[in-house]
Each structure stands twice: as C-alpha cells, then as structure tokens.
Amino acid sequence: MANTPQDKEATASSPTSNGDSSQTRSSNSIHRAPSKSLPKSTVLAFAAAVVLGILLGGFVVSRLLDSEYQQIIAKLRASHQTSLSRFKEDRRACHEERETEKQRATNALIAAQEASFCDEEVKACRSQSTHNERIYRQELEEQLLSSNNVLEDANAGLEKASQRLKRLREEYQRTETELGRKKAELDGTARKYHETVNHLQDSKAQLERVQNKLSSTERQLVNAERELEAAGREFDRRDVERAECDKAHRDMVSCQRMLNESLGGSGKDDLCSSTIQQLNKDKADLSQELSAARNEREKASEEITFLQQQRAHLEEQISGFSTLAGEHERERDELREQIVMVYEKIQDRDRQLVLDRYGPGPHHVEVVIQLPTEIPTQESLVLELGPLDIMPHTIKTFLEMIERETYIDGTFLLAKDHIILVGPSDAHDAENNQRLTERMLQQGYHPNGALIFKEYSDEYPHVQGTVGFTGGRSGPIFYVNLMNNTENHGALRDPCFAKFIRGFDLLERIAQMPKDEDGRFELPIYIVRAEILTD
C-alpha cells in the first residue's frame, strides 16, 4: 500500500518523538539524580549529632543539682527541638516543592511531547529544574548550617553548665570536707571537755574524800587531846596520891621508929614490919601505874603530833586540789567558749547554705503517707519549718534529709498519749529495715544521729502539732507532739523545728489505730514521698 502524506509525516515525526522520549527519560534521570545523590551522610551525621546532643543534654540535666541549670538545659532542649522541628518542616516543604517542580516539569515535558514543543522549551524546563534543585540544596545547606550553629550553641551551653556543675560539686565537696573537719574538731573538743569535766569531778570527789579524811583526823585529834587531857588529869591525880602515899609512908616510918623506941617488943615489930611491907607493895603498884600513865601520855603526845602532821599534809593536799580544780574550771570555761564558737560557726554556715539553696523561708515540706486500709490510700501532710534565725543547723539538716530521701519507705513507729514517733525504720519488714539502716549509714546519720549538736529555743516551744527530734545528738527519727509537751520536752532541750499546717486531724486519727501493748502500730504506715515545696 502506498504511503500517504500523513503517513510520511507520522513516519518522519516518529524519530523525533522517540528522541523526545529519550530526552524526557534523560530529563527524568537528571531530575532523579539529585534525589539519589542527596547528602544523606550529612543528614545522618546531623541526626546523629542531634541525638548525641539530646543524650548529652539529658545526661547533664539528670546530673544537675540546681534548678536554675535545669531550666537552662530545658530551654536549650526546647530551642533545639524547635530548630529541629523547623528544619524538618522546611525539609519536608522543600521536598514537596521539589516533587511538585519535578511533577510540573514532567507534565510540561509530556505536554511538550504531546504538543510537539521545541527542544528549547524542554531545555528551559531542564534548566529551571536544575536551578530549583540548586536552590533546594542551598536552602538545605543553610538549614544544616543553622542547625549546626544551634547544636554548637547547645553544646557550648551544656559545657558551661557542666563546668558550673563541676564547680558546684567541688565547692560542695570542700564544704563537706570542711564540715567533716569541723565535726572532728568538735568531737575532739567535746571529748576533751568531757575528760576535763570527768577529771574535775574526780578531783572534786578526791577533794571531798580528803576533806572527809581531814574531818575524821580532826575528830581523832580532838578525841586524842581529850584523852591526853584525861590522862594528864589522871597523872596529876596519881601524883597527888603518890605524894600522899609518900607522906603516909614517912609518917608510918616515923611512927614505927617511935613505937620501936617506946615498946621495944618483937611481936609488935613483926606487926609493924608486915604493915610496912604492905605499904611498900602499894607504893610499888602506884609507881607502876604512874609509869604506865606516863607511857600512855607520851604515846598520846606522839599520836597528837602525828595527827597534826597528817592534818598539815591534808591541808596541803586540799590547797593543791583547790588549785587544780580552779585550773580545770578555767579549762572547762575555755572549752565551753571554744564549743560555743564552733557551734556559732556551724550555725552561720548552715544558715547561709539554706539561704543559698532553699531561700529565706518559711520552708514547707509535703509528706505523703500510705494508710493500711483495705484499698491502700495515700494522704498528704504539710509541715512548715520554724524560723531560720533561731535553729539554722536543725532546719538545714532536716531539709537535707528530705532532699536525700532519707525518710522514703520509713514508717510511723509508735504512738503514745502525747506523741507519735516517725522515722526511717520498719518493724514489719526486715529487708526494708536493713535497707533503711544501710542508707542512714551511707548518709552519715547512723548510729551517731543527724545533728552535730542540739538546738532549742523558748521562742519555738513543743506545743500541740509541732515536730521535734529526740535522742542524744538527735535525728533522723522525729516525733509529733499530740499535746503541749513544753514542760517535759523543753526541759530536755529537744530541738523543736516545725509544725503541721495541714493534716494534723489525720495524725490524731492515726494515733487511734490498732497498736500493741508497747504502742507500736499493728499495721505499717509508710512514707511514700517527701519533698520540699517551692513557692
């Protein structure tokens, strides 16, 4: 069949159409090529950097101790998330625009093919597509650069926050070291004070013993002097008797001689001789008694001399002990002054720490407890701490224990008519009690207590609804006053540092829950949360 002119035109135009199709495929390949050659590694690196920045930010935020830096990190993260979201939106918009442009170019090429557009229009479309792709790449690079700048700013902020946190930690460690050193010095001073007091008490006891011994010696001396006076009187009496006996003997001898001269008889001589012998015997007996009395008098004199010497020696000892007691009293006064100075330094330091970390107050603490009902329920209690000026050490210690979660999983221990005892101890669960004890050991609150010394002020007494520490150095266990205990607990100088401003009626109901004979609760009442409230 002969070809018509139309067939020839179709035949002639067929290569052109095929050429246009190949050009269209080439154009499509040109348009697709950028999508394959997109900087995916850059995007992945950016994404990895973003993820790494977020992880680093999360790690630093989790380690920050100060709320100010947490807010900074939160702002940085929010800014970074905003930038990342904006970058994703821009990227998606660019991608959609690019796809739209590609679709427009494709449609234009198809239309050009269908309408048999010229090659110049196809090249213009390709040029426009290439130009759009170049603009897209530039915008993408700008977005990447902007995101990198934001990431660098975030990293710089994190680095500054990390350095600030490091400085704060170093300062905290120095403070803790200084506190440990001051506490050791205070313990040494307290031991020395107690040793001095004990030594002074021993000296006073020894002085009392010496004084008692001196009093006994003086009584013995008085008795010996009385005995010596009695012996002297007896000796004088016997001297008189001896003189009388000697006079009687001389009279008798004279009488005998006169009788011998007058009578001259032998029988009467014998009678006189026996009488004289009896008188001589009586004389000898009186001489022996007199000699014995003289010996007793000499012994009494020697004993008096010894007692007088002992008295002088005891008086010297009393004088020495009095001097030593005065020195010990001066040392005790100096130690008291040193202890007061150390206490004041600790109070000033703790007052400043509370002001820096928690503000001037009044400070409030919320305690959430779990009641042992059929369906366990949680109730909230709120404490208001006392004035910072009169008990800074106690308030700082309690706030620190709340912040370190010392009371979490603790229990209400027992209830009496006048108090409820609360603390990190569990009589119902041995494992939990062991964990609580180990935690107190790690935090340095066991077994010597939480407070370095006891603070008490008559301006903040143990009235109903207040909270106080009990024990030697006190803490962490505390008690709630169900009634006015000022007279008893104030006399003990127990620190009273807070009062319940919400939930005291709940405490009164808890005090009526079942207990054993010692006042311990039959069912556990746990502390599930305790935190410092911020205004």
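Buried here means under 20% relative accessible area, exposed over 50%, and partly exposed in between (1.4 Å probe, protein chains only). The views below show a predicted model, in which local features need pLDDT of at least 70 and side-chain atom pairs count only at pLDDT 80 or more, while totals for chains, interfaces and linings use all residues. Residues are numbered from 1 along each chain as its sequence is written, and side-chain values use heavy atoms, with hydrogens and water left out.

**View 1. Arginine 349 and aspartate 350 pair up in a salt bridge.** A salt bridge is a side-chain nitrogen of Lys or Arg within 4 Å of a carboxyl oxygen of Asp or Glu. In this pair the closest N and O atoms are 2.6 Å apart. Both partners, arginine 349 and aspartate 350, are buried. Looking beyond this view, the structure holds nine salt bridges.

**View 2. Arginine 502 meets glutamate 366 in a salt bridge.** Here the closest N and O atoms lie 3.5 Å apart. The two residues connect distant parts of the chain, 136 residues apart: arginine 502 belongs to strand E7 (residues 496–502) and glutamate 366 to strand E1 (residues 364–371). Helices (H or I, at least four residues) and strands (E, at least two) are DSSP runs, numbered from the N terminus. Arginine 502 is partly exposed, at 42% relative accessible area, whereas glutamate 366 is buried, at 13%. Follow the charges onward and you will find Glu366, Arg502, Arg529 and Glu531 linked in a network of salt bridges.

View 3. Lysine 396 counts as buried at 8% relative accessibility, and glutamate 400 is buried with a relative accessible area of 8%.

**View 4. The largest nonpolar core has 45 residues.** Such a core is a set of buried Ala, Val, Leu, Ile, Met, Phe, Trp, Tyr and Cys residues joined through side-chain atoms within 4.5 Å. Those with the most contacts inside the largest core are Ile369, Phe398, Phe412, Ile420, Leu507 and Ile510. Helix H6 (residues 392–403) gives the most to this core, with five residues. Another core, of six residues, lies apart from it and includes Ile339, Val342, Ile346 and Ile452.

**View 5. Leucine 507 and the residues it touches.** Leaving aside residues up to four places away in sequence, leucine 507 touches Leu381, Phe412, Ile420, Val480 and Phe500. Contact means heavy atoms within 4.5 Å.
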